[in-house]
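Consider the structure shown below together with its sequence. The paragraphs after it lead from the whole chain to selected local features.

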Amino acid sequence: MSDENKKRQKSITCFFTKKRKIDDVENESSDETLRPTQPEESTGVGVASASSLATTTSASISYMFQERDIGKLLSNQDSSNVLTDEEKYQWLKNAWQPTTDFKFPLVREGKKNRSFQMSWLKGHEWLSYSKIAGGGLCKVCIIFGWREAGTNDVKLGKLVTEPLKTYKKAIETITHHENTKYQQANMVISQNFVMVMEGKSMDVVVQMRSQERKIIEENRKKLIPIIKTVILCGMQNIPLRGHRDDGDLESESSSGEGNFRALLKFRIDAGDEILLDHVNNCAKNASYISKSTQNDLIDSCGELITNKIVNKIKKSKYFTIIADETTDVSISEQLSICIRYFDVVTCEIQEDFLKFVEVVHLTGENIAQHILQALENLNLDITLCRGQAYDGGANMSGKIKGVQACVSNVEPLAFYTHCASHRLNLAISTACTVPSIRNAVGVISTVATFFRESAGRTHLLKEEMQAHLPKEKQNTLKKMCETRWVERHEAVLTFLDILPCLPVILQKMADKGDKRAATAFSLLHAITSSEFLVSLVILADILGITLPLSRSLQATEIDILSAMKLLDTTTASLQTKRETNTDAFKKLFNQVEGLANEIGTEITVRRVTNRQTNRPNIQTQSVEEYYRVSVYIPFLDYLLKEMSSRFPRTQLQRIGQLQKLLSHNFSDEDVDDVLQGAELYKGDLPCFLALKGELQIWQHMRENLPNSPAEAYKRAMALPNIRTLCQLLCTFPVTTSTAERSFSTLRRLKTYLRSRMTEDRLNGLALMQIHQDIASTMNAEEVLDIFSRKHKRKLSLSYIQYVKIGRMSVRPQRWVVIKPTGQFVTVFDLRD
């Protein structure tokens with residue numbers, strides 16, 4: 001054979017007989033029936049020869065790579081870190097084990113040849129033999145164990161990081177390893193792991209979670225009665241605090257305790273075993289019935305109600321700010337902030353109170369800053385504000401430094417509206433400056449005060465009414481409210497019904513000659529005078545026309561278009577009375593004459609002189625004409641003038657263009673007007689260019705168009721731009737009645753005995769009192785979730801979420817504990 005051929009044959013033989021690293025053969029293994037070659041003494045690891053590889057079939061090679069030799073995990077130390085639970089289970093239960101006829105490699109130790117024994121595998125289930133590593137290994141420690149162990153992080157040796165290949169003291173080495181703490185811990189983990197995988201037990205973490213959940217549920221059950229008691233007190237406006245609110249809840253001592261503690265005792269007496277167990281066995285610093293806990297629970301209830309309202313506002317997108325201020329019993333200025341929006345789910349207009357804000361400086365800039373800050377704290381975007389509603393004070397309505405100007409500088413589309421109810425009251429108040437009407441209002445108020453300040457006089461009035469009036473007209477005299485003309489109208493009507501009984505009672509009082517006889521005599525002549533009777537009847541008639549407008553303006557669901565229509569109707573009715581004043585007053589004067597005959601007086605006029613500047617001095621032919629010219633016509637003229645000046649049409653011009661959406665005669669000109677009015681809100685529309693086409697479709701639907709924007713919103717299902725315009729029309733403000741109604745709640749909550757109430761407690765109680773529909777459906781569990789996040793509590797109240805992050809390079813089982821607050825995040829090992 002030539003040298004070239006010999007060289008070529010030698011190179012091929014070296015190619016097959018070249019020794020490879022363990023990493024190169026970690027996926028290789030031979031069939032259990034195949035006889036392995038003898039390992040080289042220098043390495044102790046058996047390596048297949050070229051002849052064996054050449055004779056092995058392709059099917060056998062494929063099977064070799066499928067075997068689970070534990071040495072593969074040892075040769076690639078990071079492979080066990082990424083095993084799935086199913087793979088770990090397969091390695092534990094189905095790892096390769098030598099058969100009974102398998103012959104272990106011999107190792108020369110001194111003068112003797114020794115080998116691995118099959119009895120060792122049968123006596124220790126954790127022990128496994130690796131053909132790749134050529135020795136024994138602990139499969140449990142390799143799969144679940146640490147790479148380091150011991151108090152001083154002692155390096156692990158045989159059976160874990162290196163195979164057992166010397167067998168002289170093999171039994172001692174195996175016994176020592178079996179008695180180590182880390183091997184015993186790994187055995188417990190492996191046994192639990194197998195039971196979990198086979199469905200015989202729950203995971204360790206699941207057990208931990210179950211145990212902690214059980215403890216948390218027991219703790220939460222203890223606080224549920226306390227939370228329900230707080231909600232009850234808040235909804236029913238029951239003061240919680242007493243003179244003594246600290247200490248144990250002892251049933252014997254009840255002196256000076258508040259309603260909250262009394263109600264808790266009542267629950268215990270009624271058989272609340274959970275609350276009784278909590279009170280008897282709780283730690284002194286974890287009773288959760290102190291005044292501080294009360295404040296936290298009240299604040300949590302308020303926060304839950306506020307969150308629900310804010311979520312509805314955000315879903316509706318656009319909103320209006322309603323604000324007004326008042327002074328409480330502690331002489332602190334309280335700013336009430338409310339929000340008006342159109343609920344797209346129920347298709348109804350909503351006005352919801354949000355909070356009270358204590359204001360020190362009443363400048364427009366300071367109040368505006370408080371409003372903007374409150375919206376920011378509630379996560380409400382000011383750029384979605386489309387309206388403002390305040391009273392007519394200079395600090396609120398000022399065009400330069402007023403609240404409306406400051407808010408408009410931030411969001412120009414926040415349309416300002418002076419409260420319509422305030423404007424109507426101002427118009428009526430100015431009209432009542434007519435001397436005869438002004439005097440009549442004063443007399444009514446004085447007579448009501450005269451009877452209401454004495455129980456004896458009130459009793460005499462009731463006896464007289466029972467004797468001379470029908471049962472439906474028997475009522476108590478009402479005082480004249482200084483600001484609310486709805487109540488003034490009721491006071492005038494009540495006075496007109498009771499008037500026949502008053503002269504009799506006042507005459508009896510005047511004849512008695514007591515200290516109040518002179519006052520009774522003066523009031524008797526005042527209510528029987530002709531001028532008072534005429535003014536009373538005129539006042540009742542005119543207020544009867546403005547009463548529906550005043551009541552409607554205070555309704556939450558009224559929209560600005562409906563308010564404008566009702567205002568136009570009321571003004572038209574007053575104008576009609578002015579134009580037909582002769583016939584209209586004739587009917588009123590007949591009513592006056594009938595009333596005068598009933599009380600035994602005669603309608604006369606004052607003496608007319610040639611020259612008079614302090615009272616009416618009109619030359620007339622009759623008594624009826626005198627009062628028509630001197631009282632009726634001036635009162636109507638004043639009222640019509642004030643209504644026109646305080647409700648200008650120029651202020652509502654852009655809204656008036658959008659109003660044509662609800663016109664039953666929707667024409668092409670109306671389409672252009674609506675387009676012009678909608679151009680201001682083109683950024684709010686889904687597609688302004690498509691609005692013209694939608695209006696043309698809307699034009700063909702005009703015969704069945706609804707009367708209100710809310711109904712139009714329901715109808716325009718396939719017209720998104722028109723729906724947005726209808727939503728804006730519903731969002732525009734009308735009055736500040738919701739804010740004023742919150743003042744009534746404020747006066748009921750912050751009384752003389754509760755004048756030191758803090759702002760958080762006040763807002764929580766006010767929200768539960770005002771939004772009773774939400775508070776009645778409020779879940780105590782939801783309140784408890786918020787309460788548990790406010791501070792770190794002595795009792796575990798929050799459900800913990802366990803998130804597995806996988807096996808790390810040093811510790812194989814690490815977990816993250818994330819509490820609902822998001823504040824506490826820790827990493828721990830299951831065996832710590």
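The model is predicted: local features require pLDDT of at least 70 and side-chain atom pairs count only at pLDDT 80 or more, whereas totals for chains, interfaces and linings use all residues. Residues are numbered from 1 along each chain as its sequence is written, and side-chain values use heavy atoms, with hydrogens and water left out.

The protein contains 35 helices and 14 strands; these are DSSP runs numbered from the N terminus, helices being H or I with at least four residues and strands E with at least two. Of its 832 residues, 47% count as buried, where buried means under 20% relative accessible area, exposed means over 50%, and partly exposed lies in between (1.4 Å probe, protein chains only). The accessible surface comes to about 42600 Å², and carbon and sulfur atoms contribute 50% of that area; such areas come from the Shrake-Rupley method with a 1.4 Å probe. Among contacts with a separation of 6 or more, 68% join residues 24 or more positions apart, contact meaning heavy atoms within 4.5 Å.

Helix α16 (residues 403-410) is largely enclosed by the rest of the structure, because six of its eight residues are buried. These are Val403, Gln404, Ala405, Cys406, Val407 and Ser408. The buried residues of α16 pack against β7 (319-327), α14 (364-377), β10 (385-390), α15 (394-397) and β11 (415-418).

Two residues other than glycine have positive phi values. Cysteine 347, with phi of about 55°, is found in the loop between β8 (333-343) and β9 (348-359). Cysteine 347 is buried, at a relative accessible area of 15%. Asparagine 379, with phi near 60°, is placed in the loop between α14 and β10, and is exposed, at 56% relative accessible area.

The axes of α32 (residues 737-749) and α33 (residues 759-770) come within 10 Å and cross at roughly 120°. That angle makes α32 oblique to α33; angles under 35 degrees count as roughly parallel, over 145 as roughly antiparallel, 65 to 115 as roughly perpendicular and the rest as oblique. The crossing of α32 and α33 is right-handed. Helix α32 contributes Ser742, Thr745, Leu746, Arg748 and Leu749 to the contact, and α33 contributes Leu762, Leu765, Ala766, Gln769 and Ile770.

Technical notes
Axes fitted to C-alpha atoms, helices over the stretch in contact; angles between N-to-C directions. Left-handed = near helix turned anticlockwise from the far one by under 90°.
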